[in-house]
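Subject: Structure handover

Hello,

Here is the structure I promised. Please open it first, then read my notes below.

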Amino acid sequence: MSAVGELTQMVSNRKKGGAKEKHPDNKPALVFMLPWLVGLLGITLIPMVASFVLAFTDYSLLAPPEFVGLANIKEMIGDTRLHNSLVVTFIYVFVGTPLQLVMALLLAVVLNQGIKGLAFYRSIFYLPSLLGGSVAIAILWRQMFGANGLINQVAGMFGLTDLPGWVSNPDTALGTIILLHVWTFGSPMIIFLAGLRQIPEMYYEAASVDGASKVAQFFKITIPLLTPIIFFNVVLQVINAFQSFTQAFVVSGGTGGPSDSTMFYTLYLYQKGFTQFDMGYASAMAWLLLIIVAIFTAINFFVSKFWVFYDD
């Protein structure tokens with residue numbers, strides 16, 4: 001067979017093979033995706049639809065739900081404890097998250113200086129993020145900031161006596177939980193560190209030749225090139241902060257006290273749904289939280305075009 005004939009035969013065979021590949025067998029892929037699909041339906045979508053329906057009902061878990069229309073929404077408008085829980089949550093989010101990210105960024109810059117044992121220090125600093133949301137750490141935090149806790153004992157060594165229990169004082173209780181939130185800086189720190197290692201060293205070398213100081217390099221090179229990572233961490237940590245629950249529940253003993261100073265929105269939602277068995281009202285609160293988180297996420301994405309700089 002001539003060379004032209006062989007080439008024609010190869011093209012013909014390839015076309016036939018391509019025709020067979022137009023409808024590949026997707027069954028193996030569907031089998032591997034099945035656990036995720038079951039989770040998506042059973043844990044996310046179906047509960048979301050159910051909670052949306054229950055938001056318009058009076059449901060006590062002990063009797064069938066009774067449709068009440070917009071009664072839950074009207075009750076939410078006049079619920080002063082709900083309003084207070086929103087204020088407490090907003091303070092926690094908009095004070096704790098910036099402080100946490102600043103701490104994470106500063107430590108990431110320090111760890112990026114090529115120190116020995118980087119893997120060890122990175123693991124140690126990441127550990128609080130793994131433990132910070134646990135019940136054990138929240139109990140430890142409550143003991144440390146109690147009237148006879150470690151903090152007051154150390155302060156007593158410097159002559160500071162008659163200090164109150166930080167977690168039992170309405171003026172300082174929320175601050176202790178914010179401090180716990182700041183302490184869990186490990187996750188954003190690792191993300192910052194990964195971003196810092198992607199910045200080309202030649203930028204700093206050129207800036208040094210031009211006489212720029214380390215501070216000027218940080219604000220003129222590091223921060224602008226790191227803005228996509230900062231934006232990612234801001235969105236992620238704001239969403240996580242709005243959903244915080246364990247710390248406030250354990251530190252306050254589930255009451256949100258003292259004087260509702262640690263009454264997070266999620267804690268009040270829990271009280272409504274699982275303590276007072278007002279599941280319809282709790283469902284309406286859950287959807288309000290979803291709307292609030294969505295609004296702030298959308299605001300972050302809208303504002304990002306004014307301060308986030310990409311390569312293009």
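At what angle do helix 4 and helix 9 pack, and how far apart are their axes? Helix 4 (residues 80–111) and helix 9 (residues 186–196) pack at about 45°, and their axes are 8 Å apart. That makes helix 4 oblique to helix 9 (angles under 35 degrees count as roughly parallel, over 145 as roughly antiparallel, 65 to 115 as roughly perpendicular and the rest as oblique). Among the residues of helix 4 that meet helix 9 are Gln100, Leu101 and Leu111. Helix 9 brings Pro188, Met189, Phe192, Leu193 and Leu196. Contact means heavy atoms within 4.5 Å.

Some background. This is a predicted model; local features need pLDDT of at least 70, side-chain atom pairs count only at pLDDT 80 or more, and totals for chains, interfaces and linings use all residues. Residues are numbered from 1 along each chain as its sequence is written, and side-chain values use heavy atoms, with hydrogens and water left out.

Now the backbone. Most residues other than glycine have a negative phi, and most peptide bonds are trans. Gly257 and Pro258 are joined by a cis peptide bond, with omega about 0°. Ser259 is not a glycine, yet its phi is positive, about 55°. Ser259 is exposed, at 67% relative accessible area (buried means under 20%, exposed over 50%, partly exposed in between, with a 1.4 Å probe and protein chains only). Leu61 also is not a glycine and has a positive phi, about 75°. Leu61 counts as partly exposed, at 36% relative accessibility.

Best wishes

Notes:
Axes fitted to C-alpha atoms, helices over the stretch in contact; angles between N-to-C directions. Helix = DSSP H or I, 4+ residues; strand = E, 2+ residues; numbered from the N terminus.
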